[in-house]
Amino acid sequence: MNILFYVAAAIAIVSSIAAITRSHAIHAILFLVVSFVSISLVFYTLGAPFIAALEVITYAGAIMVLFMFAIMLLNLGAHAVQRERQWQPRIVWAGSGLLSLILLAQLAWTFSFGKAQTGSLPVAPSQVGAALFGTYLLGVELASMLLLAGLAGAYYLGKRSGEPEHPKGGADGNGPA
Amino acid sequence: MATVPLSHALLLSAALFAIGLAGVITRRNMILVLLSAEIMLNAAGLAFVAAGSRWLAPDGQIMFLFILTTAAVEVSIGLALVLRQNHLAKSLDIDAAGSMKG
Amino acid sequence: MMLVWLIGIPLLGGVLAWAAARVHPRASQVLSIAALGIDLCLALWLRGSHVQALTQSGAWIAQVQWPWIPRMGISVHLAMDGLSLLLVVLTLFLGIMSVAVSSSDVRDRPGFFHLNVLWSISAMIAVFMALDLFLFYVAWELMLVPMYFIIALWGSENRIRAAVKFFVFTQASSLFLLIAILGLYFVHGNATGNYSFDYAALLHTALSHRAGVWLMLGFFLAFAVKLGVFPFHGWLPDAYGEAPLAGSILLAGVMAKTGAYGLIRFCLPLFPQASNSFSLAAMILGAAAIVYGALMALGQTDLKRLIAYTSVSHMGFVLLGIYVWGQLSLQGVVLQMISHGITAGALFMIAAGLEKRIGTRDITRYGGLWHVTPRLGGITLVFALALMGLPGLGTFVGEVLILLDTFRLSIPLAVIPIAGTVFAVVYSLWMVQRIFMGESAPRPHIADCRGRELLSLGIMAALIVWLGVYPKPFLDTSAPAVTELRQSAPEARPVITSPRELLARGLP
Amino acid sequence: MLNCLWIVIALPLAGFALLALAGSRMPGRLCALVGAGTVGISAALALAMGVSFAVSPPEGRQFTQTLWSWMSVPPFSPEVSLRLDPLSLVSVCVILVVAFLIMLYSSEFMSGDEGYSRFFSYMDLFVAAMLVLVLANDLVFLYLGWEGVGLCSFLLIGFWYKVPKNVVAARKAFLVTRVGDAALLAGIFLVVNKLGTLSIPEVLSRAAVSWPANSGAANAAAALFAVGAAAKSAQIPLHVWLPDAMAGPSPVSALIHAATMVTAGVYLVARLHPLFTLSPQVLFGVAIVGAVTLLAAGLAALAQRDIKRILAYSTMSQIGYMFLALGVGAFSAAEFHFVVHAFFKSLLFLGAGAVIRGLNQEHDIFKMGGLRRAMPGTFWTFAIGVCSLCALPLVTAGFYSKDLILSSALAAHQGGIWLWLAGVIGAFITTLYAFRMLFAVFFGEVRTQVSKGSGRNMTLALVVLSLFSVIAGFCQMPSGLGGVSLFADFLAPTLPQVREGVGRLQGSLSLVAAIVPLVGIMVAWTMYLHRPRFLQGYARLPALAAVHGFAKQGFGFDALYDYCFVKPVVYLSRVNRRDVSIAYVGAISRVAEALHYLLSMTQTGRVRWYAAGVGIGAVVLIGIGVLL
């Protein structure tokens, strides 16, 4: 079982690195999807099947699709790929890479003490559900309000300025949302 | 069921976090910056779930849920803003939006 | 109860003056003069009625004590003895003079101007009477705010810079004062158990030498900055130079005295041993201030800055006199303070008068005014002579008493101030001759001083002559207060006899 | 009668106050009347008191009157108290008489001057201050008079304030005398500190008791008083102000810089003579200063061309004689010479004033000439003054007073013969420059025409003064010529008797001293009148010309003081105008601004830079967590 963990972890890391280094946006997103799927596999190995499923549904499914829409809307052509490449010269990667490695080394050093084991017993979705509507009831309500706010915000920002509240003609989104 | 030491899981989340950070700092395309932010969020969620599984408590997973909702909202608003910025400044370059100078 | 009225009347007067200004601009001036006048009569009545308190030392003329924050041991404790009575009367007198004469350069918002003047006066009176360290600190801070507005709103060219510099300088130094007060409060508290800010209680706290020195330095710094002593006088020329007439008079005439009063009332009695070891440095500082002020006054071309530097020189005498801590020198300090207040006030009035007549403060553009304004010339000559300590005028009495006690203490230390008096001749005569003698540039007709200006300058000239010729009433008023202070801190008197020992002692 | 002593001072003071306040509105004649009148009345009063004092002297031949206690701080409590004793009586009478005559003279001399009332108010103030100085019984009260006199000399030298030169001269005079006053003040402090009292008789008696002769305190006090006296009486080290003081009007020079103020130093030493006898070294120093001054001033007078500067240097040398007399202990001789000198020197100055006024402000004696016929009155009175100055034997008062000084110098136990020799050489030089002036001004051919004759008041004053400068001498005759010692006896209790040397050597030497003036006149006549070409020949020699130039500037003292005192102070104050000591205030604000600039650099506006900043911050914090 923990072989699966390590394999999935490796895939996740590699695909994440690939995701941030692709100059072509679509490729980056696809790599990210692979990364999210492997992370959901990791969740599974850690004994959290419910979260693994959720991860695939929302992250890989919803959010990545949203990104896909955004990129499609912006119809980034070939020139975008070219521009991407000269937007981040090697030197910048070195700087940020170094910073991340330092951060990684520190965190690794701090985490290396614990002896505890994970995933000995899976945490059943029923337990999660009970806790969700038990102690965290308030949290859930807040999360829902957050989503509502996000919805309203996105709707408002998406509308181009100057457009009347109710478009006179048919609801054909004439031009990018 | 063979178990995975907690430190390794946390190590994985740290790695993903670092990768996300590198991405945010390096990329000049707004969308990819948002993408890297997603990676970082996910890494944080991973750490929560790992801790939850270590203590066999559902709290970790609930925290992941909350992270999930915020991530979703954040992406939607983020992308809307990116679209608006692209519409206004005709470019996705994050440095172009540098008017808040000191 | 009388003391509270003494502070209250200017406060009330200020508000009324502000209100009256809307009715008629002149009304606020008249009203504020009336308020100050009533206050002055009150103070003089206090002097008159409580004569017996003046004779036997140790008794306060009047005392009021109301609990304010009992838990912290803070009480509104006001008390007045000979020393503070004289300074209060001086404050009120200069207040009336400055308000009466400064009607010309206060065109916009006269009401608010008079409010500021009156409130700063009442704060100063509170400083002179507060015997509770907390109340003293509150009054000390309150003094600054109206003065800042006076300089910032009604000053001349770069008044904002001068006002800010003044405020930052005094505010920063009074922070040290706050720390020192709190330090003393806690040291006293855990030594004796009862935490109190009261002066009498804090008077004999047992202090380790190091703690004593640091707390004393905190007090000294705040008072030295307000006194405008040599290294800390950075703000003084700008503030005196840029302030309007009333501001300059109050600043030079009274605020410098609050610094000296603070030293006499709080710094030396509260930390006698520390002051004793610090006294040599302070005396050298005072002597240096005398010479440095004189030297700087020589080089100035702006008349008001010149008068400011002369104040630095005279305050050097005051500092020297305080740290000699002798009966003679302290009474000399009191007289020096009063006569300097009057002289500096009058000189600022004359400077404002000249600036109004000729349009500039640059002394090199004056010349040959004696022919045009002989009366103004005569009065300026009287005050220039007072500035250099001519016998028969107030400053001479003060300086002689201070110099004599310094002479008895250590001869080399007295040589510098005596040389300083020779310097004083140079700058005061140079000033008079630069303005009134020599060839007069062709100028439109200038009116000689008359009416209100002549009256107030005349009164001040008469006062300075009275101080010089018959200073007994002033000396008798301050004598018991001074003996009381010296008995409360006998160790503060430095003991330097022979120059060799002086050198051996070196700096503490 | 005596207790109206304070009125003598109050009258001139009242005159001053009246003229100062209402002077500009009073017509000229009234100003003169008030000014001269008050002084005249107090002169009459003083003379009356003098007579009553001489007729029925109060017990102890002195009368003190305390008006009020000035300051009352226990050990230091000066009183405003007056003291009349023979010494102060003589001085008061001389001062008031001379002042009245000069006021009379100047009522006409100054007529037409726009500061007429101002002049008389200052003169009245001066007379009052001088009387305070002379009558003071308290050291600090004496100091009040001392400074008041200095103030009036400042006001009167700078009387014609439109001319910048006069203004500078006035300031210089006040400054130099103020240096002396500082020494006097230090002396007073020393006395109060050591003896605990301020009234002069008390101080003298306690000093005699508690200070052994030649003790440190006595020497210090005497030295300080001597320096104060030297500054006020323009003796060598502190004399630079007197020649410039001639910038004032002539009556001022006559009253202040000839008769009264400059002799204040002599009066001070005479008044405190018991203190000085306690320290013989200082006394001998005074004699040396006197001798040196009389020689140097004489030589300088020889080289001057301006008539008033000649008289200024002559005054300096005559006061040198008085200091010489004081130095050798002949205090009453000094006082006697002061009296006689007051008369003939004020006469000379007033005469010079009349001449200058006549030749509309011409000061150079070689541009004048032949005024003998043009201004006969002035000529004769001036001639009497000159003769009295050179101590023409038997006839003039100057002879008796100078002879008294020379004989007592001879009798001095310390270096007597050298002092006597200096005095005799001085007398010779005095005769030279005096007659050089007389011949140049009144003899020879007329070079500038006389435009204005001297009026009635002026000649009256000149005549009375010349009368005095002749008869004043007869009240103190040397033993060889009738032995009248009216003056010395009158002063006896307060000033010690004059010790006259007896014996053949004395007689012959005083004979020599008498002949010297005559020889001097002969030499002067030949050099300046008979064969002037003889002198011009020598004048061209470079060495002699250099010495002549050097003497003209008063032996370079002016340049020296200017170089080592005035220049550095002026330079220092000019350089330091921006007040370097508070530069640190500006420095603090500049540091704050620099820090601000550095911080604002970090706000680049680029989002990625902020993200990196967050990253770095995280790394740093975790690093700290890790390390601790």
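Two residues are in contact if their C-beta atoms, placed from the backbone, lie within 7 Å. This is a predicted model, in which local features need pLDDT of at least 70 and side-chain atom pairs count only at pLDDT 80 or more, while totals for chains, interfaces and linings use all residues. Residues are numbered from 1 along each chain as its sequence is written, and chains are lettered from A and ligands numbered from 1 in the order in which they are written.

**Stop 1: helix H2 of chain D**

Select residues 28-55 of chain D, which form helix H2. Helices (H or I, at least four residues) and strands (E, at least two) are DSSP runs, numbered from the N terminus. The expected span of a helix is 1.5 Å times one less than its number of residues. For the 28 residues of H2(D) that gives 40 Å, and the end C-alpha atoms are 40 Å apart, so the two agree.

Next, pick out the buried residues of H2(D), including Cys31(D), Val34(D), Gly35(D), Thr38(D), Ser42(D), Met49(D) and Phe53(D). A residue is buried if 20 or more other C-beta atoms lie within 10 Å of its own, exposed if 12 or fewer, and partly exposed in between, with C-beta atoms placed from the backbone. Helix H1 (5-22), strand S2 (79-84), H3 and helix H4 (116-135) of chain D are among what covers the buried residues of H2(D).

**Stop 2: the two domains of chain D**

Colour chain D by domain: domain 1 is 1-193 + 228-269 and domain 2 is 279-532. These bounds come from an automatic or database domain assignment. The C-alpha centres of the two domains of chain D lie 24 Å apart.

Where they meet, 36 residues of domain 1 are in contact with 41 residues of domain 2. On the domain 1 side, H3(D) gives the most, with 12 residues. By class, that side has 25 nonpolar, 8 polar and 3 charged residues. Here Ala, Val, Leu, Ile, Met, Phe, Trp, Tyr, Cys and Pro count as nonpolar, Asp, Glu, Lys and Arg as charged, and the others, Gly among them, as polar.

**Stop 3: the nonpolar cores**

A nonpolar core is a set of buried Ala, Val, Leu, Ile, Met, Phe, Trp, Tyr and Cys residues joined through C-beta atoms within 7 Å. The largest has 440 residues, and Leu319(C), Phe126(D), Leu131(D) and Leu324(D) have the most contacts inside it. Both domain 1 and domain 2 of chain D supply at least three residues to this core. A second, separate core of 79 residues includes Leu74(A), Ala14(B), Ala15(B) and Leu34(B).

Centre on Leu319(C): beyond its neighbours within four places in sequence, its contacts are Leu227(C), Val229(C), Ala282(C), Leu285(C), Gly286(C) and Ala289(C).

**Stop 4: chain D against chain C**

Show both chains: 39 residues of chain D and 42 residues of chain C make up the contact. H6(D) gives the most to the chain D side, with 13 residues.

**Stop 5: chain B against chain A**

Of the 4 pairs of chains in contact, A and B share the most contacts. Select the 61 residues of chain B that are in contact with 73 residues of chain A. H3(B) gives the most to the chain B side, with 22 residues. That side has 40 nonpolar, 15 polar and 6 charged residues.

Strand S1 (residues 117-118) of chain A runs antiparallel to S1(B), joined by 2 bridges; two strands pair if DSSP finds at least two bridges between them. Thr118(A) has Val4(B) as its bridge partner.

Chains B and C do not touch, and their nearest C-alpha atoms are 26 Å apart. No contact joins chains A and C, whose closest C-alpha atoms lie 43 Å apart.
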